[in-house]
Amino acid sequence: MQIKDIKIQVIRRDMPPSEEVGPRYEGVSFLNELYEVPVISIITDEGIEGNSFGINGIAFAHYLAKLRPLLLGEDPLYREKIWQKIWRYGRAVSLPQTAIGVIDVALWDISGKAANLPIYKLLGAYRNKVKAYASSVQRPTLESYVQEALESKRRGFFAYKLHTPGIPRKDIEICRAVRDAVGNDMLLMLDPVARYDREQALVVGKEIEKLDFYWYEEPISDFDSDGLVQLCAALDIPIASLESQPGNLYAVKDYLVKKAVDIVRSDAVANGGITQLRKVASLAEAFGMKCEIHTNHNPLMNAANLHVTCSIKNCEFYEWWLPEKLLWDFGVKESLKVDDEGYVHVPERPGLGIDVDWEYVNAHT
């Protein structure tokens, strides 16, 4: 089998009112990151086609186009060879990790279809469903966090993660209000998206420990390894981090050795595809740690993350980004769903198991 063609087209989704998705995603950056989406098709000489969705619109599509000559004529089942080839090329041209991830996921889609297996079984299945937690965007008011948390509990989610404004005093107030509203029988997490300095992170961490939060995600920059070491030593609550580390596999080992993180964060888009995500999860497992997989901005990459999650033991949850209809439920015939008991079930059809809605894609190109 050989790769005979690679097609790339970019769709533009309708942009919802910013008040529906939170202030974090206002303006042009929101449009570029989430609402202009490259669609990738890798086509083989045997008629098998692998698909994936990218991020960041037209600019990202140009990076993918640069990879076309490297892929034509290659056997798509040689995923590791292709991954290493793109990795070496990427060093020379400052290629983003996300480009490697998008290509890699499409290759895994081909491999699953060729083997007539869903990807999680091709990887080696551990389970066929996983617990979901609801993950907020930055909400406009304290009351809107409380309302969303209560609705998430009603829907059966096992936990709720707050993405707060990054103002320590305000964030603590929001966390207290949500804990009071949902009671003690729902797990809560906090992710201020690296907006604190070291001192602020320690203050907030001590307060959410009192509120029995389950983990504390990216309180400071992933790149501040010394600060993360200090936080891990000073706090009992687990620190989850590293999703934004470039070259994640090669960077994360140093953080684990230094005890700079308690839970590793990674995903198939930002960290080099399914191929590298599985390696990161195995590395975390070797250190006795969880690898809690990060969500993505689109349904195909979220499916890729779910396949990996269902092939490993050391990931407890699936991150379910709210509001799903506005943020990532588009361009496919049927998206992932959370059942009434709070679980997400992995697709059982070959490859990613998610069909692209080409009528939608072509109408929005």
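Colleague: At roughly what angle do the axes of helix α5 (residues 97-115) and helix α12 (residues 273-286) cross?

Modeller: This is a predicted model: local features need pLDDT of at least 70, side-chain atom pairs count only at pLDDT 80 or more, and totals for chains, interfaces and linings use all residues. Residues are numbered from 1 along each chain as its sequence is written, and side-chain values use heavy atoms, leaving out hydrogens and water. The two axes (lines fitted to C-alpha atoms over the stretch in contact, with angles from 0 to 180 degrees between N-to-C directions) come within 6 Å. α5 and α12 (helices being DSSP runs of H or I, at least four residues) cross at roughly 100°.

Colleague: Is α5 roughly parallel or roughly perpendicular to α12?

Modeller: Under 35 degrees counts as roughly parallel, and 65 to 115 as roughly perpendicular. The crossing at roughly 100° therefore makes α5, relative to α12, roughly perpendicular.

Colleague: Which residues of α12 make the contact with α5?

Modeller: Contact means heavy atoms within 4.5 Å. α5 contributes Q97, G101, D104, V105 and W108. On the α12 side are G273, I274, T275 and Q276.

Colleague: How do α8 (residues 168-182) and α9 (residues 198-210) run, roughly parallel or roughly perpendicular?

Modeller: Their axes come within 10 Å and cross at roughly 15°. P168, I172, C175 and R176 of α8 meet Q200, V203, V204, E207 and I208 of α9. The angle of roughly 15° is why the two helices are roughly parallel.

Colleague: Which residues have the most contacts inside the largest nonpolar core?

Modeller: A nonpolar core joins buried (under 20% relative accessible area, 1.4 Å probe) Ala, Val, Leu, Ile, Met, Phe, Trp, Tyr and Cys residues through side-chain atoms within 4.5 Å. The largest has 107 residues, and those with the most contacts inside it are V178 and Y216.

Terms used
Angles under 35 degrees count as roughly parallel, over 145 as roughly antiparallel, 65 to 115 as roughly perpendicular and the rest as oblique. Buried means under 20% relative accessible area, exposed over 50%, partly exposed in between (1.4 Å probe, protein chains only).
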